[in-house]
Amino acid sequence: MTTEFIQPINPMRIITSGIDSFFTHPVFAIAISNSHDIEYLTVNGLFYNTASIAFAEQCINGEWTRMTYMTKPRVTPPES
């Protein structure tokens, strides 16, 4: 099992949820293992997997943009 670390080109942060509030963590690097398991390494050395965060944001042109996951609709061809 190999792990590849990638540093984001644009600033990135993750948002985690507590009982009463949200917490923002700047991301230093993204770790990808097994070609599909993603973890975020914060600037203070903590790892967060995708199940433990609410969402991630990336700063593009000075605006924080939420990164979302969208599934593609399955198109079935019409029956002849």
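## Ground rules

Contact means heavy atoms within 4.5 Å. This is a predicted model: local features need pLDDT of at least 70, side-chain atom pairs count only at pLDDT 80 or more, and totals for chains, interfaces and linings use all residues. Residues are numbered from 1 along each chain as its sequence is written, and side-chain values use heavy atoms, with hydrogens and water left out.

## Overall layout

The protein chain has 7 strands and 0 helices. Helices (H or I, at least four residues) and strands (E, at least two) are DSSP runs, numbered from the N terminus. Read from that end, the elements go β-β-β-β-β-β-β.

How does the radius of gyration of the protein chain sit beside that of a compact globule of 80 residues, and what are the two values? The protein chain has 16 Å, while such a globule would have a value near 12 Å. The radius is taken over C-alpha atoms, and the globule rule is 2.2 Å times the number of residues to the power 0.38. Along the principal axes, the C-alpha atoms fill a box of roughly 60 × 35 × 30 Å.

## Surface and contacts

The accessible surface of the protein chain is about 6,600 Å². Carbon and sulfur atoms hold 55% of that surface. Accessible areas come from the Shrake-Rupley method with a 1.4 Å probe; for residues, only the protein chains shown count as cover.

Of the 80 residues, 25% count as buried. Buried means under 20% relative accessible area, exposed means over 50%, and partly exposed lies in between (1.4 Å probe, protein chains only). Now take contacts between residues at least 6 apart in sequence. Among them, 39% join residues at least 24 apart.

## Hairpins in the middle

Strands pair if DSSP finds at least two bridges between them. Strand β3 (residues 22-33) and strand β4 (residues 37-42) run antiparallel, joined by 6 bridges. Ala31 stands opposite Glu39 in β4. The two strands form a hairpin with 3 residues between them. In its turn, Asn34 has a positive phi of about 55°.

β4 also pairs with β5, in the antiparallel sense, over 3 bridges. Here Glu39 stands opposite Asn49 in β5. This hairpin has 4 residues between its strands, and Gly45 in the turn has a positive phi of about 90°.

## The hairpin of β6 and β7

Strand β6 (residues 55-60) and strand β7 (residues 63-67) run antiparallel and share 5 bridges. Ile60 has Glu63 in β7 as its bridge partner. There are 2 residues between the strands, and Asn61 takes a positive phi near 55°.

In a regular strand the side chains alternate between the two faces of the sheet.

## Rings and charges

Which rings make up the aromatic pair, and how are their planes set? Rings of Phe, Tyr and Trp (its six-membered ring) pair if their centres lie within 6.5 Å; planes under 30 degrees apart count as stacked, over 60 as edge-to-face and the rest as tilted. By this rule the count is 1 aromatic pair. The rings of Phe5 and Phe47 have centres 6.4 Å apart and planes at 50°, so the pair is tilted. Phe5 is in strand β1 (residues 3-6) and Phe47 is in strand β5 (residues 47-49), 42 residues apart, so the pair links distant parts of the chain.

A charge sits over a ring if NZ of Lys or CZ of Arg is within 6 Å of the ring centre and within 35 degrees of the ring normal. The charged end of Arg13 sits over the ring of Trp64, 4.0 Å from its centre. Arg66 lies over the face of Phe55, at 3.9 Å from the ring centre.

Gln58 lies in strand β6. Its relative accessible area is 18%, so Gln58 is buried. Leaving aside neighbours within four places in sequence, Gln58 is in contact with Asn10, Pro11, Met12, Glu63, Trp64, Thr65 and Met67.

Beyond neighbours within four places in sequence, its contacts include Ile14, His25, Val27 and Tyr48. Asp20 is found in the loop between β2 (12-17) and β3. With a relative accessible area of 76%, Asp20 is exposed. Asp20 and Thr3 are 17 residues apart in sequence and 34 Å apart in space, C-alpha to C-alpha.
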